[in-house]
Amino acid sequence: LDGGESAVEVEITDERPTGERYVWLVGNYAVRDAQGRVEGVGVVVQDVTKRTNAEEALRANNALLRLVADTVPDLLFARDRQHRMTLANPAVLALAGRSEEDVLGRTVREWWHDPRQAELILATDERIMATGQPERIEEEYILDGELRVFQAVKTPLRDRDGQVVGLVGVSRDITRERHYARSLERMVSERTASLSRSLASLEQLLYSIAHDLRAPNRAVHSFAELLEIEAADRLDPRSRLYLDRIKSAALRNDQLILDLLEYGRLAHADVPVEEIELEPVVREALLDIEVLVAERQASIEVRPDFPRVCANRTLLKQVLVNLLGNAVKYVPKERRPHVRVHAEPVDGHALVHIVDNGIGISPDDVGRVFEPFARLPNAVGVPGTGMGLAIVRKAAERMQGEVGVESRPGEGSRFWIRLPAAPCTG
Ligand code: ADP
């Protein structure tokens, strides 16, 4: 104070052996007489421990944030409401080939090498700050002649009052992951193509085997018939019974071969679809099974108001003939079959239901009814090849549809088929 100053402030750190630490701010103020001579000293001591601790903590916190930003391999950046950069970590600077001075306080328009892309970035940022909604964005840049893909998450920054004051973004280079995903996709589609080729050649083989089997099978049937006629007077009843068995086995075989051929044909045939009125096709299918319906004295209830569907008329009729035929066939002999057919629109599709009061299907078997040659224990005594529902499923698939079944053993089943609703698109 002798030097003419009127106040000297000193910060004193007071470390105690107990480990406690105090920081005192000691202010010395000159008290002067009328001539300006120092007459005495006034001393004010302030405890500033708390303030000092808080400042140190803040400094440490900032240093930590800085360290994090400098260390993460991701791009970390922040911009203010006017799009000026307020933060750009070394990853951002390295990618842009710029220094911190080039970037901070400037908009991407001023420092990003591609002006068109800078405008896109600005537009996205503006949208995020205007809507206040964070966004996940995939961005592609050409860097050193190489396409690089980044996935960025940009989040608006708000002040205490909730006002958007800028945004913060984290962006990750996912170029390698993208390449990997692409090569996986390519591999899957190549394998799928090769699998479909082998499947197609297997189906072709099945088709030609089935085709070639028909001739010898017909020969068996014809020779059994010839034998029956020519040796009629020499045959005893037992031999005649055997011949009958041979003939009916040959007929069953023929039906099986025809079903197989149909199944194979379905896999390859062109399936043009058109807008179709469902109800007349249901009526036509019912005409096809007229004899069966009469034999079983079945009652068939067709509910009105069918939605129009997008389907192939021939296949649709085949599907309905199979499902309606089964609904009448698989009913206990002592019960009169009652079948209900109705349809409803569901999410751009038409759902057709065929409900019977038949023997039903046990939960263990329900999963395999649509498989080729599936004949369940419940089919004993009912003629069939086990191919009908396989054909139904294949036909539905070829029309971009689906089939399914729900059943209560002993009470009945509900088969359904879902088809695209009209009008046909694509
Ligand atoms: P098929 O009638 O020639 O045996 P399907 O493929 O049409 O062949 O049916 C497969 C099996 O599914 C049948 O053998 C039968 O066991 C069962 N099934 C089909 N429809 C019904 C139905 N409506 N109710 C009960 N079981 C059924």
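This is a predicted model: local features need pLDDT of at least 70, side-chain atom pairs count only at pLDDT 80 or more; totals for chains, interfaces and linings use all residues.

Student: How many bridges join β12 to β13, and do the strands run parallel or antiparallel?

Tutor: Strands count as paired once there are at least two bridges between them. Here β12 (residues 338-346) and β13 (residues 349-355) are joined by 7 bridges, and they run antiparallel.

Student: What is the order of the strands in the sheet?

Tutor: You read it as β10-β12-β13-β15-β14, an open sheet of 5 strands with mixed pairing. Because β10 (299-302) and β14 (402-408) each have a single partner strand, they stand at the edges, and one side of each has no neighbour in the sheet. From one strand to the next, the twist averages 15 degrees.

Student: Which helix lies across β10, β12 and β13?

Tutor: That's α8 (residues 278-288), and it runs at about 170 degrees to β10. Angles compare N-to-C directions on a scale from 0 to 180 degrees.

Student: Now the ligand. Which residues come nearest?

Tutor: There are 20 residues around the ligand, and the nearest are Asn-326, Tyr-330, Arg-375, Asn-378 and Leu-389. Next, look for polar pairs. A ligand oxygen sits 2.6 Å from a side-chain N or O atom of Tyr-330, and for the side chain of Asn-326 the distance from a ligand oxygen to an N or O atom is 2.8 Å. With Leu-389, a polar backbone atom is 2.7 Å from an oxygen of the ligand.

Student: How much of the ligand's accessible area does the protein cover?

Tutor: On its own the ligand has 530 Å² of accessible area, and the protein covers 98% of that.

Definitions and conventions: Residues are numbered from 1 along each chain as its sequence is written. Side-chain values use heavy atoms; hydrogens and water are left out. Helices (H or I, at least four residues) and strands (E, at least two) are DSSP runs, numbered from the N terminus. Contact means heavy atoms within 4.5 Å. A residue is near a molecule or strand if one of its heavy atoms lies within 4 Å of it. A polar contact is a pair of N or O atoms within 3.5 Å; within protein, one must be able to donate a hydrogen and the other to accept it, and residues adjacent in sequence count only if both atoms are side-chain atoms. Accessible areas come from the Shrake-Rupley method with a 1.4 Å probe; for residues, only the protein chains shown count as cover.
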